[in-house]
Amino acid sequence: MNGSWINEPNSNAILLFLRILALCHTAIPDVNELTGEITYEAESPDEIAFLVAAREFGFEFFKRTQSSIFIRERYASSANPIQREYKILNLLDFTSKRKRMSVIVRDEEGQIFLLCKGADSIIFDLLARNGKMFEEATTKHLNEYGETGLRTLALAYKKLEESEYMAWNTEFTKAKTSIGADRETMLERLSDMMEKDLILVGATAVEDKLQKGVPQCIDKLAQAGLKIWVLTGDKMETAINIGFACSLLRQGMKQICIAVTNSETLVQESQKAIKENILMQITNATQMVKLEKDPHAAFALIIDGKTLVYALEDDMKHQFLGLAVECASVICCRVSPKQKALVTRLVKEGTGKTTLAIGDGANDVGMIQEADIGVGISGVEGMQAVMASDFSIAQFRFLEKLLVVHGHWCYKRVAQMICYFFYKNIAFGLTFFYFEAFTAFSGQSIYDDWYMILFNVFVTSLPVISLGVFEQDVSAEICLQFPALYQQGPKNLFFDWYRIFGWMGNGLIASIVVFTFNIVFFYEQAFRSGGQTADMATIGTAMFTCIVWVVNCQIALTMSHFTWIQHFVIWGSIGFWYFFLIVYGMLPPRLTGNVYQILAEVLAPAPSYWAVTLLVTVTCILFYFVHISVQRCFNPMDHHVIQEIKYLKRDVQDKVMWKRERSKARQETKIGFTARVEAKMRILRGKLQKKTLAISSQ
């Protein structure tokens, strides 16, 4: 600070280092007119961090025009800052494939420099023979930064001759103004041509803090039975450190690192030899996992981007996937956005499981779009991930509630809603068929046309909507306490063929009861005290009334969670049916036909109408009631047990039992905070047993 860096032994390299921080970016300064304070707007928070760091060391970026960048340089020998202008000649943009960006500038003395920053794995391969002076020290620093969980970049530069630059710029301008299909390829080739023989000046490290609640969220997701993979662009040491921080890795977990030994190997060995080496590593690791006899042993697979290029090829990807699935956690580091998408596709297609991808930056868009479900985190990395996702959350820890709570509820709601649709339409539709058969297929309809319109639009629509929106078999708090309830979705317990045919059978029984009881009560016998017999309109109206009562009482019995909304829509739908009959019956006979005053004058005065409605409703509901009672008594599901405990308040009366039930309702996992605690407990118990045996033997 305060220009004291100028007294360091390598002050010229430090000067270049700070100038690269201040010049190699695409940020825009924003000057507060009242205070004069400068803030920056950039594509990533890392660039802002670099600019703030450069400013603290005396290199303040304060102005940008279309052709120039202006910085103020402060030195200990000068009281006033020196303002310098650098002409921007070319900008070589960052891409996920290149993993670096460069800017070509001309200083006030007319010298031309290429300033570059990027991933160390890329920059080190582009260094000149005489540009590796600080490689050993920088590598040491990078490893130290990575081990402490910092995100790293390497900085390098190259001084250009005027003739060399002009020749290159002519080709670059020609490629930039071309409109052919190979424009991007030409630009990339020319960029690579310029970005070589660089001189390394150092590396940066930015703290990438974990958001609040990440370890706890991962622990809960693991207990819910989810398998978690980390796909990151960070270097291996950083990724491993992050893995420990979020409990994906723990002490005692056996790490399987699959990587090409070094960059020189890639140059010296043939592609075939490298592939054979990687395949041998995967095969040996797979054998080690399969031969492991300790049931509590946990493996973590760690692989870098260069190795992943070969592991994702067609002749090797299935072996890689087989190994990864057997491991408790998988960390892929230094991967490009394309590799993230390819790994996601491999898991989705190779395992047949539902995949969810969550990310916060533009480099996660491909992965989010490739997964079955995409979740974007809105934050300082921009909104690209959010715009490409299915769901958006503000922090990673909210994923816990999104999946364990709302995921569980959503599955139950959708499954029950679809099954109920089968039920109510079969219960209603089959009565048509029965009547047609009963009348020798005369073609007459037992129901008025308006009744059929009302059925799915008014008298049964709102209850099923309330089921699909408000249903909760257990509360959100219980879902979090019993994360294994989430497995009801992946196991498809509520939408298998047994459940679907069960609801269809229930609808079949309801249709038979409704039709049979109404025909027996009303056909060829007086149903009123005056001796009147029922006509087709009377039977149809009575039958439809029974259908309305049965399907609405059935959904009321299906629901586990009631508010005033559910009560209003269910009983309101039944009330609407009677309201409709009154209003419709008051219309002129030329509009209503045979249903004129059907309720007020025909059905309401007849006790048998009310009796058959009650009898049919109770009989139809009785079948479902017996089924659910037997199931709850002899083969209860997890949520049945929890509902009974909560209803009887046994969770308050017997806290030991409640705690035991909670511990049982977790999927066995080898990652997360809980697994770490259990592993330590096993170690302590083992030591205690050994100590006890040693004492007893003495």
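Start by selecting Arg-100 and Asp-192, whose side chains meet in a salt bridge at 2.6 Å, N to O. A salt bridge here is a side-chain nitrogen of Lys or Arg within 4 Å of a carboxyl oxygen of Asp or Glu. This pair links distant parts of the chain: Arg-100 is in strand 6, while Asp-192 is in helix 6 (residues 183-194), 92 residues apart. Helices (H or I, at least four residues) and strands (E, at least two) are DSSP runs, numbered from the N terminus.

A word about what you are viewing: this is a predicted model, in which local features need pLDDT of at least 70 and side-chain atom pairs count only at pLDDT 80 or more, while totals for chains, interfaces and linings use all residues. Residues are numbered from 1 along each chain as its sequence is written, and side-chain values use heavy atoms, with hydrogens and water left out.

Arg-100 is buried, with a relative accessible area of 6%, and Asp-192 is partly exposed at 33%.

Select Glu-108 and Arg-84 for another one, at 3.7 Å, N to O. Glu-108 sits in the loop between strand 6 (100-106) and strand 7, and Arg-84 in strand 5 (residues 82-92), 24 residues apart. Arg-84 is partly exposed, with a relative accessible area of 21%.

Next, pick Lys-275 and Glu-313, a salt bridge with its closest N and O atoms 2.8 Å apart. Lys-275 belongs to helix 10 (residues 271-291), and Glu-313 to the loop between helix 11 (305-311) and helix 12 (317-326), 38 residues apart. Glu-313 is partly exposed at 27%.

**Aromatic pairs**

Turn to the rings. Rings of Phe, Tyr and Trp (its six-membered ring) pair if their centres lie within 6.5 Å; planes under 30 degrees apart count as stacked, over 60 as edge-to-face and the rest as tilted. By this rule the count comes to 31 aromatic pairs.

Select Phe-113 and Tyr-157. Their ring centres are 6.4 Å apart and their planes are at 50°, so the pair is tilted. Phe-113 is in strand 7 (residues 112-118) and Tyr-157 in strand 8 (residues 150-160), so the pair ties together parts that are 44 residues apart in sequence. Phe-113 is buried at 16%, and Tyr-157 is buried at 14%.

Compare that view with Phe-432 and Tyr-447, whose ring centres are 5.1 Å apart with planes at 80°, so this pair is edge-to-face. Phe-432 lies in helix 16 (residues 398-438), and Tyr-447 in the loop between helix 16 and helix 17 (449-459), so the pair ties together parts 15 residues apart in sequence. Phe-432 is partly exposed at 23%, whereas Tyr-447 is buried at 3%.

**Charges over rings**

A charge sits over a ring if NZ of Lys or CZ of Arg is within 6 Å of the ring centre and within 35 degrees of the ring normal. Select Arg-72 and Phe-62: the charged end of Arg-72 sits over the ring, 3.9 Å from its centre. Then try Lys-412 with Phe-494, where the distance from the charged end to the ring centre is 4.3 Å.

**Inside a helix**

Go to Asn-518 in helix 20 (residues 497-522). Is Asn-518 buried or exposed? At 0% relative accessibility, Asn-518 counts as buried. A polar atom of its side chain lies 2.7 Å from the backbone oxygen of Val-514.

**Last stop: a nonpolar patch**

Finish by selecting Leu-557, Leu-622, Phe-625, Val-626, Val-630 and Phe-634, which make a nonpolar surface patch of about 580 Å². Patches are made of residues with over 30% relative accessible area and no salt bridge: like charges are joined within 9 Å, nonpolar side chains (Val, Leu, Ile, Met, Phe, Trp, Tyr) within 5 Å. Accessible areas come from the Shrake-Rupley method with a 1.4 Å probe; for residues, only the protein chains shown count as cover. Helix 25 (residues 607-634) gives the most to this patch, with 5 residues. Phe-634 lies in that helix and is exposed, with a relative accessible area of 70%.

Methods
Buried means under 20% relative accessible area, exposed over 50%, partly exposed in between (1.4 Å probe, protein chains only). A polar contact is a pair of N or O atoms within 3.5 Å; within protein, one must be able to donate a hydrogen and the other to accept it, and residues adjacent in sequence count only if both atoms are side-chain atoms.
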